[in-house]
Amino acid sequence: MLGVTTGVGRLAYLPMPVFVDSAFEARLEASGRPESRYRFTGPCVEGECAQWTGARCGVIDHVLDDPPGPERAGAAGTALPGPFLPSCSIRADCRWFAQRGAAACAACPSIVTDVGGSATYRSTRP
């Protein structure tokens, strides 16, 4: 787990990633959809992921390159405070950072996994 979604829909990073085992997952699911409260991360699986474009992750490119809709307003234009990147426990292995650098870090806190609707960026279901 990378972080917790705040009441205003932004990510609050955890100082260290929390590894989720099946017992922890069951506790999270017992209190509702964990994706609406937490942001999870895992290693990039490239071509095994529906978001893979053939050469890169389409999620961060979509967020940074496509005009934001009302639900994304401000995400792509979020500026980092000063010359410092936010504290992040996965940056060394982050696909988004490798692709887009500091711009990905600026947008990352505003990207949530589940906001309660049925639509996603690109469904991973057949």
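**Close-up views of a predicted model**

**View 1. Ile-90 sits in the loop between helix H2 (58-65) and helix H3 (95-100).** Helices (H or I, at least four residues) and strands (E, at least two) are DSSP runs, numbered from the N terminus. The model is predicted, so local features need pLDDT of at least 70 and side-chain atom pairs count only at pLDDT 80 or more, while totals for chains, interfaces and linings use all residues. Residues are numbered from 1 along each chain as its sequence is written, and side-chain values use heavy atoms, with hydrogens and water left out. Ile-90 is buried, with a relative accessible area of 17%; buried means under 20%, exposed over 50%, and partly exposed in between (1.4 Å probe, protein chains only). Ile-90 and Met-16 are 74 residues apart in sequence, and their C-alpha atoms are 8.5 Å apart in space.

**View 2. A network of salt bridges links Arg-56, Asp-61, Asp-65 and Arg-100.** A salt bridge is a side-chain nitrogen of Lys or Arg within 4 Å of a carboxyl oxygen of Asp or Glu, and by this rule the count comes to four. Asp-61 is bridged to Arg-56, with the closest N and O atoms 2.6 Å apart. Asp-61 is buried at 13% relative accessible area, whereas Arg-56 is partly exposed at 30%. The side chain of Asp-61 also meets that of Arg-100 in a salt bridge (2.8 Å, N to O). Because Asp-61 lies in helix H2 and Arg-100 in helix H3, this pair ties together parts that are 39 residues apart in sequence. Arg-100, partly exposed at 25% relative accessibility, forms a salt bridge with Asp-65, the closest N and O atoms being 2.9 Å apart. That pair links distant parts of the chain, with Arg-100 in helix H3 and Asp-65 in helix H2, 35 residues apart.

**View 3. Three strands form an open antiparallel sheet in the order E2-E1-E3.** Strand E2 (11-13) and E3 are the edge strands, each pairing on one side only. Two strands pair if DSSP finds at least two bridges between them. Strand E1 (residues 3-5) and E2 run antiparallel and are joined by three bridges. Thr-5 stands opposite Leu-11 in E2.

**View 4. Asp-21, Glu-25, Glu-29 and Glu-35 form a negative surface patch.** Patch residues have over 30% relative accessible area and no salt bridge, and like charges are joined within 9 Å. Glu-35 lies in the loop between helix H1 (22-30) and strand E3 (38-39). Glu-35 counts as partly exposed, at 32% relative accessibility.

Note on methods
Patch = residues over 30% accessible without salt bridge, like charges linked within 9 Å, V, L, I, M, F, W, Y side chains within 5 Å. Areas by Shrake-Rupley, 256 points an atom, 1.4 Å probe, with all protein chains shown as cover. Lys, Arg positive; Asp, Glu negative; His and termini not counted. Charge placed at Lys NZ, Arg CZ, Asp CG, Glu CD.
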